[in-house]
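Trainee: I would like a close look at a single part of this protein, and then some sense of its surroundings.

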Amino acid sequence: MWTLTAADGELLVHTDVGGRAAKMGHRLTIAMRRWRATVRWAAGEPIVAELAVEVNSLEVLRGEGGVTPLSGPEKALVRSNALRSLGAAEFPEISFDTDTIETSSGGYRLTGTLHIHGKVREQVIDLRTDDLGESWRMSCQAVVTQTDFGIKPYSLLMGAVKVKDEVTVSFTAQRAKDRAEDN
């Protein structure tokens, strides 16, 4: 079994901005700082993959665009609004559990269930794997539509500035080939 955490890579959420006054808003990059991915293997192939993310580990890294740069207090406000939108107190974890894993030309196609905000939806993820010699690099991007999970995208000024419904989640991690199997 492999176990990967934030010490092995990063899990980022990228938002975009819309509305009549979209130029006033920031496109955000948000890091999820506490997550754990486990992969079970059989006959040299992955058979089960699971990811659990602590919602409260959300950290606003940066905001691009906007009228002014995103300040520290604004990052704190964005974090607070995001945690409220995600219902972090009631739904403290986001998870993904595979139903099937198929080999693809660049790695693996993971089909499974994504659990966010008390809702469950099927999600397909194309995970790229790269052989770096002494280690493996894994990476993927997936689009998640907030309203599919009962999340109302944040807006202000009566909707003149709002977070777009679709967000992009990106994942990268690296694991040494000779690392002892995790227990």
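Trainee: Is leucine 156 buried, partly exposed or exposed?

Mentor: This is a predicted model, in which local features need pLDDT of at least 70, side-chain atom pairs count only at pLDDT 80 or more, and totals for chains, interfaces and linings use all residues. Residues are numbered from 1 along each chain as its sequence is written, and side-chain values use heavy atoms, with hydrogens and water left out.

Leucine 156 lies in strand β12, residues 155-156 (strands are DSSP runs of E, at least two residues, numbered from the N terminus). Leucine 156 has a relative accessible area of 38% and is therefore partly exposed, a class between buried, under 20%, and exposed, over 50%, with a 1.4 Å probe and protein chains only. Together with Met24, Val67, Tyr154 and Leu157, Leu156 forms a nonpolar surface patch with about 480 Å² of accessible area; such patches join nonpolar side chains (Val, Leu, Ile, Met, Phe, Trp, Tyr) within 5 Å, from residues with over 30% relative accessible area and no salt bridge (a side-chain nitrogen of Lys or Arg within 4 Å of a carboxyl oxygen of Asp or Glu). Accessible areas come from the Shrake-Rupley method with a 1.4 Å probe, and for residues only the protein chains shown count as cover.

The protein has 1 helix and 14 strands, and its C-alpha atoms fill a box of roughly 55 × 30 × 30 Å along the principal axes.

Definitions and conventions: Patches are made of residues with over 30% relative accessible area and no salt bridge: like charges are joined within 9 Å, nonpolar side chains (Val, Leu, Ile, Met, Phe, Trp, Tyr) within 5 Å. Helices (H or I, at least four residues) and strands (E, at least two) are DSSP runs, numbered from the N terminus.
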